[in-house]
Amino acid sequence: MSKYETVIGLEVHIQLNTNSKVFCGDSAAFGSEPNEHISAISLGHPGTLPRLNEGVLEKAIRLGLALNCEISNNSFFDRKNYFYADLPKGYQITQDENPICQGGFLEITVQDQTRKIRIHHIHIEEDAGKSIHDLDPRFSCIDLNRAGVPLLEVVTEPDLRSPEEAAIFFSELRKLAKWLDISDGNMEEGSMRCDCNLSLRPMGSSEYGTRTEVKNVNSIRFAKKALEYEQERQTKVLNKGEKVIQQTRTFDPESGKTYPLREKEEAHDYRYFPEPDLPVVNIVEEDIIRIQNSMPEMPAERKSDFIQKYQLSEYEAALLTEEKMPGDYFLFLIENNSNYKLISNLLINKILPEAKELRKSLFDFPIEKENIHAFIELISSNKVSASIAYQRVWPELLKHPNTSPEEMASKLNVLQNSDTDFLESAINNVLEKFPDKVTAYQKGKKGLIGFFMGEVMKATRGKADPKLSNQMLRKKLES
Amino acid sequence: MSPIDLSSKTLSSIQQLLRSGQLTFVQIVRHYLNRIQATRHLNAYIEIFEEEALEKARQLDQKIQQSPESLGHLFGAVISIKDVLCYKDHKVSGAAKILEGFTSLYSATAVERLVNEDAIIIGRVNCDQFGMGSSNENSIYGPVKNAADETCVSGGSSGGSAVAVQTGTCLASLGTDTGGSVRQPAAYCGVVGLKPTYGRISRHGLLAYASSFDQIGILAKQVEDAAMILEVMAGPDDFDSSASQQLFKRTTAPHSNYKIAALRPAIEHHSLDTEIKENTFNKIKDLENQGHSVEWIDFDLLEYLVPAYYILTAAEASSNLARYDGIHYGYRSPNATNLEETYMLSRSEGFSAEVKKRILMGTFVLSSGYYDACYGKAQKIRRLVQDAIFKIFKKYDFIILPTTPETAPKIGKGIKDPMKMYLADIFTVFASLAGVPAISVPLGVHSNGLPYGIQVISQSFEENKLLDFCDYMYRGL
């Protein structure tokens, strides 16, 4: 057990998924040819002025509300002045003194414990362009497509206590950003980046130690690694009786180490001052209420809904609420169909992995809702046993999505026609549904036969011949 | 072709002459081009758009014949623009080396609106570098001379605009006014200079000096013409969120019992020339005799105006001018061998001493440790000045005071005594700090032969009232 407590604060940059940039109409799309989205405004040409993209404001407020922040009704922008080749204006428009969202918290679960991580604030800012140093032997190249792309920066209080917690926080925040449809959360494209601040203090101390900041870490895994490295490095420094130097550091993914960039004395004086080209952002109560009303159900609420209203298991509910789309699709499928369990089963075991493999959005899944319902109907009415339906009918349906499931089942000759077939299918379905009970019966709990009979009666809506059913059940269970 | 005299003609009378066929637009443009050639030595023009002006005039002459109903509001108007305003596919330099060879990709909203209403832009006129200066001596193109006395300055920073109008080379000129840059040269050159309310005209396409002060203004011979041009340029603009949503529609409703506040500490200021003082007194008496009520008011913040103004404008300038870095466009020092040197040498070689002084001062006042004492304080003074001025306008229609303490100084004099030159802005920065509209109209000619002006200030967005009053006062002279 270490004698130090780790204190971590994160500054997470979230690139928003607006169509246009934060202060002009240029496209904010990723992946175009260099310098395609650059009007005179992105280029910072003389005489150009910023104009706030209202969509950015709305997304900032959405995240703020989801993180329980106070929304400032008179927030404004500031200029952060520094020279860099990919910063055409010589300053970045950001928010320093009065950011749009203030206070707030995010609850995360760490080793089954709920931890409340306080948010200091969220502010809006513009991204810089990109300098590319390895493209040309003589020149550095500048791509200004990214210059002016909207970012939200979420700054936490120093409430995180381990690299693991930090990684969980980062990942939960990413999930939330995607959930709220404010960012694609795509780490590879740099949609989320993080500055990690870490310091150590003696266990039980209430004062903070000297911190270092690892800049611009672009994945959750790297953030965790960088923090682990820093934690270890600082521990060694302190154990040697030396002092941690306040520094900005950079993380090298190849070596897994962090290296100093600059020290406190070399820190820039950014000369922040209020951006005179943009008016104060007036947010009225009605705006907040309107945005609040347009907010989707949050993941935690949805999960408990799925368990309570639709009797899904904890596991199923968690799986369907990891991202927003599967849950949305589940809700879409259970409109006019109350076979919740069967639908969630099909979704989790078939549709989700298949859609992923086909690289299709769930709502573009080749088999349409009507046929999915008809397929479910085959199973629930015991026309086909669940295992046959899954193993034989579904793969064929996927190949011929316009064929009706009933027709497909008939083509495959798996429809149960006679009374015996019908009963067999119902019995199979019941046994598939309760594998643990089957095991218990086989281990000697013979009284369970009554339970199985009841289930078969339920499944056949009382149509099953009790004597025949009893016989067939015993035969199946004892074979 | 007999020589024509447009010097005392208003735009509406020129439009009548054009409609009736007594004059063609080509004749008018030729006339102005001749005037430009005849006054070249005054150095008002940086570039003359001769061919395109004539071509546009030919097209408009055809339009007068063929579809007179489709003529724009400003047909017949020939206008020059200060070298800080963007005009698509034309050069713009802010009279600075750092923008050497730079051509604008787009037109300033104000310029575009003029052109859309069939005005002709005849050329780009000289100014102090990026609008920083009060004498037009801070220009890479050299000083502009005052036509009333060629050994004297034109004033600044819109000195080229003032002389261009003074010498009848155009109907009007667009200047920009940050702390008096339209009003002061107008006073020095004996023309009308209007600085509208801050935000009245979009700043899109105006090379920023101090964003929270900059405003496009109009220099003209006639108040009425300035009003027509303002009407076209004013109004909301998608490219400038500080531009007002209000449109400006010129309506006249002059009356004879305005409530006027005479700003005592200005009119009795120790730096004010005695002849100007006397004549300002006389003007005030005239107004009283004409039935207006004039009251003398005090203003104890006067001595804080210039320091607050220079701190705030320098701060904004230091940031606004950061984009001229030698990397993206304009001048890049050939002596630089790395990124750091590219910044340092391009900026050191590309900006004038005056601009560098203000960038340094602005950087200083925003630095941590000095921000509160300098920038923060100046912001507070600005707020106090705004509050005080708004309070005055609860009681009065206008504030009147001289435009400048003296007439135009000799060329070269101000450079020797920069503090004096800064302090000479005392009467104009008053309206700039508050963002209220102000106008300078000629008041008289000094015994030294140079003109001077009187300044009228009104409440924000009350340009109609301001113009009514000035029209009345000016024509009454």
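A cavity here is a set of grid points where a 1.4 Å probe fits but cannot get out, and its lining residues have an atom within 4 Å of a point. The views below show a predicted model.

**View 1. Second largest cavity, lined by residues that include Gly133(B) and Asp425(B).** The space in this cavity comes to about 100 Å³. Its lining consists of 14 residues, and those nearest the centre are Gly133(B), Ser134(B), Ser181(B), Tyr309(B) and Asp425(B). By class, the lining of the second largest cavity holds nine polar, three nonpolar and two charged residues.

**View 2. Largest cavity, with Ile41(A), Ser42(A), Lys89(A), Glu126(A) and Gly148(A) nearest its centre.** The model has three cavities of 30 Å³ or more. In the largest, the space amounts to about 190 Å³. A total of 23 residues line this largest cavity. They divide into 11 nonpolar, seven charged and five polar residues.

**View 3. Strand β7 of chain B, residues 192–195, covered on both faces.** In a regular strand, side chains alternate between the two faces of the sheet. On one side of β7(B) are Val192(B) and Leu194(B), and on the other are Gly193(B) and Lys195(B). These four residues are all buried, where buried stands for a relative accessible area under 20%.

**View 4. Strands paired with β7(B): β8(B) and β12(B).** Strand β8 of chain B spans residues 215–220 and pairs with β7(B) in the antiparallel sense over three bridges. Opposite Val192(B) stands Ala220(B) of β8(B). Strand β12 of chain B covers residues 438–445. It runs antiparallel to β7(B) and is joined to β7(B) by three bridges. Here the residue opposite Gly193(B) is Ser440(B) of β12(B).

**View 5. Cis peptide bond between Gly156(B) and Ser157(B).** Omega of the bond from Gly156(B) to Ser157(B) is near 5 degrees. Ser157(B) lies in a loop of chain B, with β5 (149–153) and α5 (159–166) at its two ends.

**View 6. Arg359(A), a residue other than glycine with positive phi.** Phi of Arg359(A) is about 55 degrees. The residue sits in the loop of chain A between α8 (340–358) and α9 (369–380). Arg359(A) counts as exposed because its relative accessibility is 80%, and the cut-off for exposed is over 50%.

**View 7. Asn43(B), a residue other than glycine with positive phi.** For Asn43(B), phi is near 70 degrees. Its place is the loop of chain B that lies between α2 (25–38) and β1 (45–48).

View 8. Along the principal axes, the C-alpha atoms of chain B fill a box of roughly 65 × 65 × 45 Å. The radius of gyration is 21 Å, which agrees with a compact globule, because a globule of 477 residues would have a value near 23 Å. Of the 477 residues in chain B, 63% are buried. Among contacts in chain B with a separation of 6 or more, 74% are between residues 24 or more positions apart.

Terms used: Residues numbered from 1 in each chain as written. Chains lettered and ligands numbered in written order. Heavy atoms only, no water. 1 Å grid on protein atoms, 1.4 Å probe; cavity = no way out; pocket = protein on both sides within 12 Å on 5 of 7 lines; lining within 4 Å. Points joined across faces, edges and corners; volume = space filled by probe spheres on them. Nonpolar A, V, L, I, M, F, W, Y, C, P; charged D, E, K, R; others polar. Buried < 20%, exposed > 50% of the residue type's maximum accessible area, 1.4 Å probe, protein only. Pairing = 2+ DSSP bridges. Rg over C-alpha atoms; globule rule 2.2 N^0.38 Å. Contact = heavy atoms within 4.5 Å.
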